[in-house]
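The sequence and structure are displayed first.

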Amino acid sequence: MNRHARSILALLALASGTLAAIAGTVAPPPATDEVPAAELAQWIRDRRPGLLVVDVRSAEAFDRDRLPGARLLADIDADALRSVDTVVAYADARADPAELRGMSNVPRVLRLHGGIAAWNEEVLFPVLRADASARQQRDFATRALLSRYFGGSPQLLDPGASPARGRSRRGC
Amino acid sequence: MSAPLIGDASLGASLSAAVALGAGFGFALERAGLGSARKLIGQFYGRDLAVMKVMFSALIVAMLGVFWLSRFGLLDLRAVYVPLTYLWPQLFGALLFGAGLVIAGLCPGTACVAAATGRVDGMFVVLGFLAGMVGVGLLLDGFAAFYESGAHGAWTLPELTGFPYGAVVAAVVVLALAAFAGAEWIERRVR
């Protein structure tokens with residue numbers, strides 16, 4: 001490979017790495033019509049005026065497991081939407097925008113990023129490694145408080161108690 | 001086999017994928033000239049640092065690929081297996097591996113490539129590490145406590161440093177480019 005080609009590849013790698021640093025997290029960012037689970041948890045805890053959380057799953061799933069204060073989509077009529085200015089809909093993973101056509105009068109209709117799975121992972125059962133740094137432990141304290149507020153339980157992962165070690169080999 | 005490449009596929013499909021990926025890996029090693037012990041040993045004399053360049057290139061291509069595929073929602077990073085960290089046995093294993101590489105001139109992957117292309121030294125190295133694997137398997141109970149020591153689970157650099165994932169990716173890219181430049185400088189000086 002000549003010097004010119006190597007320089008181009010090096011520049012591409014550097015540009016890609018720089019963009020990664022700007023992007024920060026490896027997780028896909030929420031879409032413009034989505035709200036992260038942690039932010040929704042703050043809204044619910046702060047009793048944000050005009051907020052309505054809507055479950056677009058089945059009635060059975062709603063009875064089994066739902067977000068605090070959420071209402072089933074089938075139970076919502078026009079009267080219930082009168083004083084609402086923000087609707088946050090959720091499903092198991094990603095709420096289908098087609099389900100929310102009846103809410104066109106609401107100023108702001110959002111979907112929960114990652115669905116109820118993200119709520120469980122990020123809000124109810126956040127995980128901290130036992131060998132986390134002091135800064136990581138401080139950052140986690142806020143999430144732990146929020147978790148307990150909603151009846152969840154922050155998880156402490158003991159790396160030494162990992163599942164039995166596989167006897168596989170990896171290398172070049 | 002790590003998901004989500006083939007997910008919950010059958011054992012046969014997993015093994016087929018492993019054979020295909022292994023053949024691809026071996027082909028890449030052979031094309032890079034790494035089936036030759038002389039080329040590998042060249043790195044210890046500073047004459048030819050191709051091994052470091054090939055491995056670091058593969059690492060940053062994979063790292064950037066995983067980062068951006070996950071970022072764009074095309075790869076579920078939670079489904080990708082991260083090997084568990086056992087600090088002390090892995091540190092000892094790395095030293096042993098390095099010593100074996102210096103003595104044999106080949107590592108397990110390149111030894112397979114060398115053997116497959118008919119090099120006798122490669123065949124002996126393959127026999128040697130297969131014998132070593134059998135020996136360790138037979139004696140493993142005797143040093144089980146050491147084998148499990150320094151456990152840190154699936155430990156990644158962002159978790160270790162507390163820096164954002166993307167910042168760690170950028171740092172590794174800069175480190176790799178600096179290593180490439182350093183390697184070229186060393187090669188020029190030695191030649």
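**Strands, a helix residue and an interface**

Visitor: How many of the five residues of strand β5 (residues 108-112) of chain A are buried?
Guide: This is a predicted model, in which local features need pLDDT of at least 70, side-chain atom pairs count only at pLDDT 80 or more, and totals for chains, interfaces and linings use all residues. Residues are numbered from 1 along each chain as its sequence is written, while chains are lettered from A and ligands numbered from 1 in the order in which they are written. A residue is buried if 20 or more other C-beta atoms, placed from the backbone, lie within 10 Å of its own, exposed if 12 or fewer, and partly exposed in between. Strand β5(A) is mostly covered, and its buried residues number four.

Visitor: Which residue of β5(A) does A:V88 stand opposite?
Guide: Strand β4 (residues 86-90) of chain A also pairs with β5(A) in the parallel sense, over four bridges. Within β5(A), A:V88 faces A:L110.

Visitor: Why does A:A37 count as buried?
Guide: A:A37 belongs to helix α2 (residues 37-45) of chain A. Leaving aside residues up to four places away in sequence, its contacts (C-beta atoms, placed from the backbone, within 7 Å) include A:L112, A:H113 and A:W119. A:A37 is classed as buried because its C-beta neighbours inside 10 Å number 24.

Visitor: What distance separates the centres of domain 1 and domain 2 of chain A?
Guide: Domain bounds come from an automatic or database domain assignment. For chain A, this gives domain 1 (34-121) and domain 2 (126-155). Taken over C-alpha atoms, the separation of the two centres is 25 Å.

Visitor: Which element gives the most to the side of chain B that touches chain A?
Guide: In the interface, 32 residues of chain B are in contact with 27 residues of chain A. The elements giving two or more residues to that side of chain B are α3 (50-71), α5 (108-116), β2 (151-153) and α9 (165-190). With eight residues, the element that gives the most is α9(B).

Notes
Two residues are in contact if their C-beta atoms, placed from the backbone, lie within 7 Å. Two strands pair if DSSP finds at least two bridges between them.
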